[in-house]
Amino acid sequence: MSYKRGKGKDKDLDDFICDDDAPPKKMHKKDTSGDDSGDDDTIFICDVSKNRRVSVRNWQGRVFVDIREFYVKDGKQMPGKKGISLSIDQWKELRAHVDEIDKALA
């Protein structure tokens, strides 16, 4: 479809809108858990500080150790962007070097 713009041309709204090019409507995800706790595959481990938590979670079929900052939105704790999700292999590698990290901190 050609768009008609400029001097002397008909500026009817129908000339600018084409139903064939309209983007599809967005679908909202339905909550299948039945409660407000969020992801059922998350196991809370501990609070590292006021806004930081460690948890183990299943995401897209894979298990991760998640160390993340949280923020409060509408009275609920929500995960923020700041954090790291370690795969099982990465977690094992980190655990293998705990003694070296402790020596460096001493």
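**Strand pairing and salt bridges in a predicted model**

Aspartate 66 counts as buried, at 4% relative accessibility. Here, buried means under 20% relative accessible area, exposed means over 50%, and partly exposed lies in between (1.4 Å probe, protein chains only). The model is predicted, so local features need pLDDT of at least 70, side-chain atom pairs count only at pLDDT 80 or more, and totals for chains, interfaces and linings use all residues. Residues are numbered from 1 along each chain as its sequence is written, and side-chain values use heavy atoms, with hydrogens and water left out.

Aspartate 66 forms a salt bridge with arginine 57. The closest N and O atoms of this pair are 3.7 Å apart. Salt bridges that share partners join Arg57, Asp66 and Arg68 into one network. A salt bridge is defined as a side-chain nitrogen of Lys or Arg within 4 Å of a carboxyl oxygen of Asp or Glu. Side chains of opposite charge can pair when their charged atoms come close. The structure holds four salt bridges.

The strands come next. Helices (H or I, at least four residues) and strands (E, at least two) are DSSP runs, numbered from the N terminus. Two strands pair if DSSP finds at least two bridges between them. Strand E2 covers residues 52–59, and strand E3 covers residues 62–73. E2 and E3 pair in the antiparallel sense, over eight bridges. Within this pairing, valine 56 stands opposite valine 65 in E3. The two strands form a hairpin with two residues between them. Glutamine 60 sits in the turn and has a positive phi of about 55 degrees.

E3 also pairs with strand E4, which covers residues 76–87. This pairing is antiparallel too, and it runs over nine bridges. Arginine 68 has glycine 83 in E4 as its bridge partner. The hairpin of E3 and E4 has two residues between the strands. There, aspartate 74 takes a positive phi near 55 degrees.

Glutamate 69 forms a salt bridge with arginine 52, and their closest N and O atoms are 3.0 Å apart. Glutamate 69 lies in strand E3 and arginine 52 in strand E2, so the pair ties together parts that are 17 residues apart in sequence. Glutamate 69 is partly exposed, with a relative accessible area of 25%. Arginine 52 is also partly exposed, at 40% relative accessibility.

Aspartate 47 belongs to strand E1, residues 42–47. Its side chain meets that of arginine 53 in a salt bridge (3.6 Å, N to O). Aspartate 47 is partly exposed, with a relative accessible area of 48%. Arginine 53 is partly exposed as well, at 26%. Leaving aside neighbours within four places in sequence, aspartate 47 is in contact (heavy atoms within 4.5 Å) with Arg52 and Arg53. The C-alpha atoms of aspartate 47 and isoleucine 67 are separated by 9.6 Å. These two residues are 20 residues apart along the chain.

A nonpolar patch on the surface is formed by Leu94, Ile101 and Leu105. Together they have about 290 Å² of accessible area. Such areas come from the Shrake-Rupley method with a 1.4 Å probe; for residues, only the protein chains shown count as cover. Patches are made of residues with over 30% relative accessible area and no salt bridge: like charges are joined within 9 Å, nonpolar side chains (Val, Leu, Ile, Met, Phe, Trp, Tyr) within 5 Å. Isoleucine 101 is found in helix H2, residues 98–105. Isoleucine 101 counts as partly exposed, at 39% relative accessibility.
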